[in-house]
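Here are some notes on the model for a colleague who has not seen it before.

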There are 2 protein chains.
Amino acid sequence: MRITVLAGGVGAARFLRGLKAAAPDAQITVVGNTGDDITLFGLRVCPDLDTVMYTLGGGISEEQGWGRAEETFVLRDELAAYGVGPGWFTLGDRDFATHIARSQLLAEGRPLSEVTASLCERWRPGVRLLPMSDDRIETHVHLDDETGGVIHFQEWWVRLHAAVPAKTIVPSGAAEATPAPGVAEAINDADFVLFPPSNPVVSIGPILAVPGIREAVSAKTVVGVSGIIGGAPVRGMADACLTAIGVETSAAAVAAHFGADLINGWLVDEQDKAAADDPALAGIEVRALPLYMRDLASTAAIAQAAIDLAKELSR
Amino acid sequence: MRITVLAGGVGAARFLRGLKAAAPDAQITVVGNTGDDITLFGLRVCPDLDTVMYTLGGGISEEQGWGRAEETFVLRDELAAYGVGPGWFTLGDRDFATHIARSQLLAEGRPLSEVTASLCERWRPGVRLLPMSDDRIETHVHLDDETGGVIHFQEWWVRLHAAVPAKTIVPSGAAEATPAPGVAEAINDADFVLFPPSNPVVSIGPILAVPGIREAVSAKTVVGVSGIIGGAPVRGMADACLTAIGVETSAAAVAAHFGADLINGWLVDEQDKAAADDPALAGIEVRALPLYMRDLASTAAIAQAAIDLAKELSR
């Protein structure tokens with residue numbers, strides 16, 4: 001069984017852990033969002049790729065869901081002593097090492113896909129992890145305030161806690177990008193494609209914005225897992241992102257946003273089961289089940305439901 | 001009193017600590033060797049500048065003489081886990097932060113002299129620390145073995161422990177370089193110039209190789225402190241460097257290598273007092289005194305002797 005998953009960060013990584021448990025023999029390819037990537041302290045940081053890599057490789061901070069376990073913060077304190085910023089983005093020492101290694105490999109002229117594969121040789125995540133593109137794409141947020149400023153997604157998310165409303169959110173550079181080597185093949189060759197409960201705007205959205213990826217995904221059976229339960233994001237501030245693109249924060253509205261031309265199946269939590277009767281979701285098979293990823297068993301059950309629905313819809 | 005000192009790493013830094021104690025009211029400018037500088041893990045490392053900065057700023061590892069006190073090595077272990085090298089050069093976490101800060105400031109387009117001043121705002125070394133040049137100069141070692149290879153000084157020094165004989169040692173890039181802003185003025189305006197017991201070949205040599213510096217220094221009263229005592233370097237492997245350029249490892253031979261056109265006074269250890277009668281040192285005033293820098297008091301006494309001799313020779 002070949003499964004391709006479009007992935008953001010924490011939600012995707014946890015879902016993937018369940019997917020590996022549900023389908024231990026599947027060949028899983030993860031197409032990771034790189035729109036969150038940012039250059040900090042002169043180093044290239046890829047938060048979503050790293051969260052997947054650390055989580056599946058056993059190095060994640062379980063409490064945070066991102067960053068390394070047993071982390072220390074010597075460099076943070078030293079850099080602050082030098083007055084070298086930005087101070088709003090904290091990187092731990094172990095995490096810093098990943099970014100130093102990545103930046104050194106990139107500086108040697110290797111593309112991000114190769115560099116990611118090289119880093120994964122250490123972590124052995126048990127999936128093939130591909131960046132959506134080797135080209136630089138950065139999600140930018142156009143602020144809906146008196147400044148009208150355009151800032152990097154990370155600055156909006158981490159520094160401003162998404163508290164300043166966004167007018168629009170744009171994956172800058174995506175239109176000129178091409179999918180990384182292996183991405184199109186991984187989608188074309190997959191038995192089906194899954195969307196984990198990642199942020200539809202800033203995680204799944206940038207991946208689909210790379211020319212060719214949406215078209216390839218649309219040709220496959222696709223099942224998505226809602227990251228919105230009971231009208232609120234399970235984690236993070238997806239509501240602020242959805243508002244920015246004019247989409248209501250509900251499981252049904254997110255499915256309608258993706259559309260029946262893209263997704264075939266949609267898993268919602270039991271409290272959102274009314275979505276199954278929503279006329280806006282015509283052509284999308286909706287199934288309701290417990291959707292909180294409380295532990296590995298509950299997460300594997302969600303992944304199994306996604307697999308089952310995909311198989312059913314593939315017939 | 002205005003004193004300008006040409007400085008290498010550990011020996012210079014310790015001498016400078018003594019000089020500050022001996023002349024607390026003097027304006028001391030340190031022209032630091034950058035020939036040892038190297039790019040490691042994509043970061044610009046300036047070992048001699050940092051050794052002076054850390055030593056005078058109270059951050060040095062007293063045991064090693066270089067690197068930071070209370071150092072940890074999380075990054076070293078992480079980078080090794082990624083297989084990202086070089087493995088032969090170990091940087092501690094606190095030290096890494098300095099190189100990250102420096103590299104970020106350099107990447108903003110600021111010259112090394114400005115960046116060094118910025119880092120010194122934290123350390124407040126009590127001297128003005130200038131790199132010899134903002135241009136990139138790297139000391140290269142031509143190996144005298146069957147490979148005939150040319151390697152960076154650090155690789156010869158740290159990886160090979162200077163055990164492979166050197167055919168010649170060249171400050172690559174020096175001929176095309178210019179002194180950093182302030183260097184020529186600091187020499188011209190000084191009451192006198194001091195050479196601490198730094199390596200004459202790979203510490204003082206590269207500084208003098210920057211066009212204009214030797215000429216400026218030659219016009220001043222210069223007193224040097226021998227780093228060779230009793231035919232052996234007090235610290236480090238200066239003998240291997242001296243052999244490479246055809247100079248005997250002795251206090252007298254090093255003075256003759258600098259020459260009477262460059263230095264006016266030369267401090268040697270009591271066991272090397274015969275140098276005072278060496279005809280090769282005609283025109284150089286040699287004084288013998290205890291020259292081991294055992295502690296701050298003994299180091300300050302050496303610095304005071306250098307000051308006294310410089311004043312005497314300036315009359």
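1. Helices (H or I, at least four residues) and strands (E, at least two) are DSSP runs, numbered from the N terminus. Just after α2(A), A:G58 has a positive phi of about 85°. This is a predicted model, in which local features need pLDDT of at least 70, side-chain atom pairs count only at pLDDT 80 or more, and totals for chains, interfaces and linings use all residues. Residues are numbered from 1 along each chain as its sequence is written, and chains are lettered from A and ligands numbered from 1 in the order in which they are written.

2. A residue is called buried if 20 or more other C-beta atoms lie within 10 Å of its own, exposed if 12 or fewer, and partly exposed in between, with C-beta atoms placed from the backbone. In helix α2 (residues 47–57) of chain A, 10 of the 11 residues are buried, so this helix is largely enclosed by the rest of the structure. The buried residues include A:P47, A:D48 and A:D50.

3. Helix α8 (residues 200–209) of chain A has 10 of its 10 residues buried, so α8(A) too is largely enclosed by the rest of the structure. Among them are A:P200, A:S203 and A:A209.

4. How do the two chains relate?

5. Residues are in contact if their C-beta atoms, placed from the backbone, lie within 7 Å. The contact between the chains takes 21 residues from chain A and 21 residues from chain B. On the side of chain A that touches chain B, α3 (74–81), α4 (93–107) and α5 (112–123) of chain A each supply at least two residues, and α4(A) gives the most, with 9 residues. 100% of the interface residues of chain A are also interface residues in chain B, so the copies meet through the same surface.

6. Strands pair if DSSP finds at least two bridges between them. Chain B has an open sheet of 7 strands with parallel pairing, in the order β5-β2-β1-β9-β10-β13-β14. Its edge strands are β5 (128–131) and β14 (285–288) of chain B, each pairing on one side only. Strand β2 (residues 27–32) of chain B pairs with β5(B) in the parallel sense over 4 bridges, and B:G32 has B:P131 in β5(B) as its bridge partner.

7. A second open sheet in chain B has 3 strands in the order β7-β6-β8, with antiparallel pairing. At its edges stand β7 (150–152) and β8 (166–172) of chain B, each with a single partner strand, so one side of each is left without a neighbour in the sheet. Strand β6 (residues 138–143) of chain B pairs with β8(B) in the antiparallel sense over 6 bridges. B:H142 stands opposite B:T168 in β8(B).

Terms used:
Two residues are in contact if their C-beta atoms, placed from the backbone, lie within 7 Å.
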